[in-house]
Amino acid sequence: MAKHLILSNSMLLIRVTAERIAYISSDGSYSTMVLVGGKRHIFSFNLSAFEKQLEQQFGTESQVFIRLGKGLIINSDYIYSINISKQELILSGVGFTEDFVLSASRDALKSLKTVLEESIKSRRIGI
């Protein structure tokens, strides 16, 4: 059975699985969770608090989420394209109403690209 992230305040409770979360962005002390279908939910806590919630509630499943700099957490399952020169990251997948085009620093994108390339190399056996 899939684990759910449950976030609530005095007026609202959101319950969502990891695969429905495309990314989470931050604007100061507020965070916006964007779902695969484009629906957005704003929360009054920062990205570090959101990151802790992901780790506590999803456990090892939270490893699918990657923090990029100060303002972005992405679901790595949906990485489609990394363009370092344009400082652009595109997330895409089944169920997406449209691709998400996100901005990130060159350094963050270079690091992300390296991590993905290394994970591919580690899966090769006998080469």
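These notes cover the sheet, the helix packed on it and the salt bridges of a predicted model.

1. Basis. The model is predicted; local features need pLDDT of at least 70, side-chain atom pairs count only at pLDDT 80 or more, and totals for chains, interfaces and linings use all residues. Residues are numbered from 1 along each chain as its sequence is written, and side-chain values use heavy atoms, with hydrogens and water left out.

2. Sheet order. Five strands make an open sheet, ordered β5-β4-β3-β7-β6, with antiparallel pairing. Strands are DSSP runs of E with at least two residues, helices are runs of H or I with at least four, and both are numbered from the N terminus; two strands pair if DSSP finds at least two bridges between them. At the edges stand β5 (40–43) and β6, each with a single partner strand, so one side of each has no neighbour in the sheet. From one strand to the next the twist averages 15 degrees; axes are lines fitted to C-alpha atoms, for helices over the stretch in contact, and angles run from 0 to 180 degrees between N-to-C directions.

3. Six bridges join β3 to β4, and Ser25 has Thr32 as its bridge partner in β4. These two strands form a hairpin with two residues between them, where Gly28 in the turn has a positive phi of about 70 degrees. Four bridges join β4 (residues 30–35) to β5. Thr32 is partnered by Ile42 in β5, and Val34 by Arg40. The β4 and β5 hairpin has four residues between the strands, and Gly38 takes a positive phi near 105 degrees there. Five of the six residues of β4 are buried, so the strand is largely enclosed by the rest of the structure; buried means under 20% relative accessible area, exposed over 50%, and partly exposed in between (1.4 Å probe, protein chains only).

4. Helix α1 on the sheet. Helix α1 touches β3 (21–27), β4, β5, β6 and β7 (72–75), and its direction makes about 150 degrees with that of β3. Contact means heavy atoms within 4.5 Å.

5. Salt bridges. There are two salt bridges, defined by a side-chain nitrogen of Lys or Arg within 4 Å of a carboxyl oxygen of Asp or Glu. Arg67 pairs with Glu51, with the closest N and O atoms 2.9 Å apart. Arg67 lies in strand β6 (residues 65–68) and Glu51 in helix α1 (residues 47–58), so the pair ties together parts 16 residues apart in sequence. Glu117 and Lys113 form a salt bridge at 2.7 Å, N to O; both lie in helix α2 (residues 106–121), four residues apart.
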